[in-house]
Amino acid sequence: MSIASEHLIEIRELVKDHLEHRLDEKLSAEREQLLMQQIRGRLEQENAVLVAHYYTQDAVQDLAEETGGIVSDSLEMARFGKDHPAQTLVVAGVKFMGETAKILTPEKRVLMPTLEATCSLDIGCPIDEFSAFCDEHPDRTVVVYANTSAAVKARSDWVVTSSIAKDVVSYLHEKGEKILFAPDRHLGAYIQNVTGADVLIWDGACVVHEEFKADGMRHLMEENPDAAVLVHPESPAAVIELADLVGSTSQIIDAAVRMDNRKFIVATDQGIFHTMQKAVPDKELIIAPTAGHGATCYSCANCPWMAMNELEALAEVFEREDNEVFVDPALGERAMLPLQRMLDFKKQM
């Protein structure tokens, strides 16, 4: 099963449009500080907590930490929001993260800077096509990546993040189950390779990670022979083969702390560098090469939808009427089952 070509065209055009819209936008330091002060006040006033992903802007990450929120990967974002006493969650990330927060805490208000912030993996796995694909293979256990809509999650048996996908599939494989995995083909192939499981894979990809190139990586490794290579499993197989460690965003940060190397080549969205550099201030971080050059490339190792979580939008998050996340209660209940399996599995690790 392949994503229809119109989906890929739509995704690439959206990415280009978002990048072009933001190339010339940069806040002054004074304006940035003013906005951050306003947002701090509104979070306190609204009994709200800011939950941000590693790929968001530096200032947004700083603000989340300074106000008692969290900067993390999608799994920890979901768990933090579920356990935090705040009645309003402000999710700085992409739409599927906001939906997940709402599914886990239906009684809470979930707001986002914009609901237009989405994900190529989500766009490339529409529920009608995916449901039909599952129906064609009823003998397979359906495992979906967190980067999917609430409807796709509700159609699944398990939801996984990149930090536990390998472990979940290995567990299912040991039970003799055959897997249908969606939507990222690179993550699916990596899992299949390391677990030996029978995995049927949906044909989706992340527009950021898919752009990392093995040839460019080899050249960079030759220039930096003492550098360890840390790669996210959404990257192509040829890039993964060059890695000293393959892991999720949180696992990549942990590896940089744990490993003795003083230099790292990192193949994931370079938004992670802000938190990562704080963790290893005396180490050098180098972004892995993509196919593009300068600002004209359509990925540049920066997710354009994550970039939509800008301070201007965050400052207006409580004033707007078009940015609250809603999930149909019946759909949310069905999606909660595979999500809860993920959370319970993680507790046992």
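# Strands and helices of the model

Biologist: At about what angle to S1 does helix H4 (residues 74-83) run?

Modeller: In this predicted model, helix H4 lies across S1, S2 and strand S3 (88-92). Taking S1 as the reference among these strands, H4 runs at about 170°.

Biologist: In what order do S1, S2, S3 and S4 stand in their open sheet of four strands?

Modeller: The pairing throughout this open sheet is parallel, and strand S2 (70-72) and strand S4 (109-111) are its edge strands, since each pairs on one side only. From one strand to the next, the twist averages 20°. With S2 and S4 at the edges, the order reads S2-S1-S3-S4.

Biologist: Are H4 and H16 roughly parallel or roughly perpendicular to each other?

Modeller: The axes of H4 and helix H16 (residues 329-348) come within 12 Å, and they cross at roughly 100°. Angles of 65 to 115 degrees count as roughly perpendicular. H4 and H16 are therefore, in their relation to each other, roughly perpendicular.

Biologist: How many charged residues does the contact of H4 with H16 have?

Modeller: On the side of H4 the contact is made by Leu75, Arg79 and Lys82, while H16 contributes Met336, Met342, Leu343 and Lys346. Sorted by class, there are four nonpolar residues and no polar ones, and the number of charged residues is three.

Biologist: In what order do S5, S6, S7 and S8 form their open sheet?

Modeller: This is an open sheet of four strands with parallel pairing, and its edge strands, each pairing on one side only, are S6 and strand S8 (199-201). The twist here averages 25° from one strand to the next. The order of the strands is S6-S5-S7-S8.

Biologist: With which residue of S7 does Val144 stand opposite?

Modeller: S5 has a parallel pairing over three bridges with strand S6 (residues 158-160), where the bridge partner of Val144 is Val159. S5 also pairs in the parallel sense with strand S7 (residues 179-182), over four bridges. In S7, the residue opposite Val144 is Ala182.

Biologist: How many residues of strand S5 (residues 141-145) are buried?

Modeller: Both faces of S5 are covered, with Thr141, Val143 and Tyr145 buried on one side and Val142 and Val144 buried on the other. The strand has five residues, and the number of them that are buried is five.

Biologist: About what angle does the direction of H9 make with that of S6?

Modeller: S7 and S8 run parallel and are joined by three bridges, and Phe181 has Ile201 as its bridge partner in S8. H9 packs on the sheet and touches S5, S6, S7 and S8, and its direction makes with that of S6 an angle of about 150°.

Biologist: Are H9 and H10 oblique or parallel to each other?

Modeller: Helix H9 (residues 165-174) and helix H10 (residues 185-195) have axes 10 Å apart and pack at an angle of about 50°. Angles under 35 degrees count as roughly parallel. The relation of H9 to H10 is therefore oblique.

Biologist: Is the crossing in which H9 passes H10 left-handed or right-handed?

Modeller: The contact is made by Ala165, Lys166, Val169, Ser170 and His173 of H9 together with Tyr190, Ile191, Val194 and Thr195 of H10. These residues divide into five nonpolar, three polar and one charged. As H9 passes H10, the crossing is right-handed.

Biologist: Does His186 count as buried or exposed?

Modeller: His186 lies in helix H10, and beyond the residues up to four places away in sequence it touches Ala205, Glu210, Pro233, Glu234, Ser235, Pro236 and Ala237. Buried means under 20% relative accessible area. The relative accessibility of His186 is 14%, and therefore this residue counts as buried.

Notes: Residues numbered from 1 in each chain as written. Predicted model: local features only at pLDDT ≥ 70, side-chain atom pairs only at ≥ 80, totals over all residues. Heavy atoms only, no water. Buried < 20%, exposed > 50% of the residue type's maximum accessible area, 1.4 Å probe, protein only. Helix = DSSP H or I, 4+ residues; strand = E, 2+ residues; numbered from the N terminus. Pairing = 2+ DSSP bridges. Axes fitted to C-alpha atoms, helices over the stretch in contact; angles between N-to-C directions. Parallel < 35°, antiparallel > 145°, perpendicular 65-115°, else oblique. Left-handed = near helix turned anticlockwise from the far one by under 90°. Contact = heavy atoms within 4.5 Å. Nonpolar A, V, L, I, M, F, W, Y, C, P; charged D, E, K, R; others polar.
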